[in-house]
Amino acid sequence: MYMADKTFTDQNFAADVLESKMPVIVDFWASWCGPCKIVSPIIEELAKEYEGKVVIGKLNTEEHTQIAGELGVMSIPTVMFFKNGKRINQLIGAQGKDSYKKAIDEVLTK
Amino acid sequence: MDNQQIEKVVIIGSGPAGLAASIYSARGSLNPLVIAGRGAGGQLMLTTDVDDFPGFPEGIQGPELMEKMRKQAERFDTRFINEDVVSVNFKDTPFEIQTETMKIKAQSVIIATGASARWLEIPSEQKLRGHGVSACAVCDGFFFKNKNVIVVGGGDTALREAQHLSKICSKVTVVHRKDSFRAQAALVNLLKSKENVVFLMNKEIDEVLGEDKVTGVRLNDTKTSEKSEMSIDGVFIAIGHKPNTEFLKGHLDLDEHNYIVVKNEIYSSVDGVFIAGDVADYIYRQAATAAGSGVKAALTIENYLEHKK
């Protein structure tokens with residue numbers, strides 16, 4: 001099955017997030033985190049809905065600890081919004097799809 | 001999308017109460033529709049070891065228990081919608097339930113939306129949420145490996161969180177505003193036996209300290225009002241729960257803490273709307289009691305629909 005959402009890693013983060021021409025949304029998650037399972041399908045839906053406008057994907061904090069550490073992630077799920085290599089917003093804790101949509105629309109109009 | 005079909009029973013929520021209700025309703029040929037919600041599975045999805053649910057002599061992980069319950073419900077052809085309910089209309093029958101994308105009509109409803117973690121709701125806590133303040137030890141304990149943390153609260157949830165964190169963190173301090181615990185004695189004793197767990201009684205959080213991340217807390221002594229500060233890397237809040245009843249305000253009778261007011265455990269203020277689990281229960285709040293009330297609601301609805309004919 002074709003997946004619109006991307007997988008971010010410690011290795012590809014600089015190139016695929018920080019140097020991306022499009023805005024990027026990163027969902028920090030881990031397998032043991034219940035609320036992350038709430039966010040995960042929402043992220044997949046959003047990746048399809050915003051395809052071509054925003055790059056949306058996930059970073060497994062269990063396997064890729066370096067980036068999560070550098071960005072000071074201390075709670076998951078955390079969803080971060082990047083534009084031109086800068087973090088411009090983040091939503092901590094599981095939220096409804098509408099909250100994420102609103103935040104993405106803000107990024108797009110800024 | 002408008003669904004013109006009128007459901008016999010719609011179950012809102014998919015924790016132990018909602019899933020037990022769906023298993024019984026399905027076996028009672030009521031063909032239930034479960035609106036599972038974005039937080040499908042409920043509070044047990046945030047729990048690790050469940051050692052008190054009957055039938056699992058070695059204990060079971062919370063998420064695994066919920067997966068088994070859901071599979072059991074699916075085995076009897078329960079249908080699931082993985083969306084949240086946005087609003088309800090219980091004025092006339094059939095009742096109307098609006099989800100994110102669907103309008104559903106139903107002859108009867110079981111509300112089993114449970115409860116979620118409560119916060120202290122002080123500005124410094126909200127500011128540092130995600131930067132050292134957490135309400136989910138299972139989710140975030142990993143980020144506090146070999147660190148010094150506190151758990152705030154005195155119930156089962158607080159002590160379970162402390163138990164989990166004691167395996168990861170160098171030191172866990174349980175801060176409780178009373179001089180005794182509400183938690184099960186077995187849990188209290190287990191934690192007392194752990195070398196890296198200490199207890200601070202009669203203390204409450206006055207302020208969480210830190211600019212970009214948590215560096216400490218200021219405590220208030222609940223007996224003497226004396227203030228003290230301690231440095232800390234993380235603060236886990238486990239001070240209880242609030243019922244998920246926001247969408248029901250004005251549609252059902254709620255008490256002053258927003259729990260649904262019930263008669264005989266499962267009857268709401270509206271005929272045909274039944275209640276199960278923690279959404280009306282601030283006393284027992286167990287997976288097994290929630291499942292029990294789900295079963296009662298499902299069996300009562302069979303009878304209710306029979307007499308309505």
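Biologist: What share of the contacts in chain A with a separation of 6 or more comes from residues 24 or more positions apart?
Modeller: Keep in mind that this is a predicted model. Chain A runs β-α-β-α-β-α-β-β-α along its sequence. Of its contacts with a separation of 6 or more, the share from residues 24 or more positions apart is 66%.

Biologist: Does the radius of gyration of chain A agree with a compact globule or disagree, and what is the value?
Modeller: Chain A has 110 residues, so a compact globule would come out near 13 Å. The computed value agrees with that. The radius of gyration of chain A is 13 Å.

Biologist: Which element of chain A gives the largest share of the side that touches chain B?
Modeller: The contact takes 15 residues from chain A and 18 residues from chain B. On the chain A side, the largest share is four residues. They come from helix 2 (residues 34-49).

Biologist: Is Asn202(B) buried, exposed or partly exposed?
Modeller: Asn202(B) lies in the loop between strand 13 (197-200) and strand 14 (203-209) of chain B. Its phi is positive, about 55°, although it is not a glycine. Buried needs 20 or more other C-beta atoms within 10 Å, and exposed needs 12 or fewer. Asn202(B) has 15, so it is partly exposed.

How values were computed:
Residues numbered from 1 in each chain as written. Chains lettered and ligands numbered in written order. Predicted model: local features only at pLDDT ≥ 70, side-chain atom pairs only at ≥ 80, totals over all residues. Helix = DSSP H or I, 4+ residues; strand = E, 2+ residues; numbered from the N terminus. Rg over C-alpha atoms; globule rule 2.2 N^0.38 Å. Contact = placed C-beta atoms within 7 Å.
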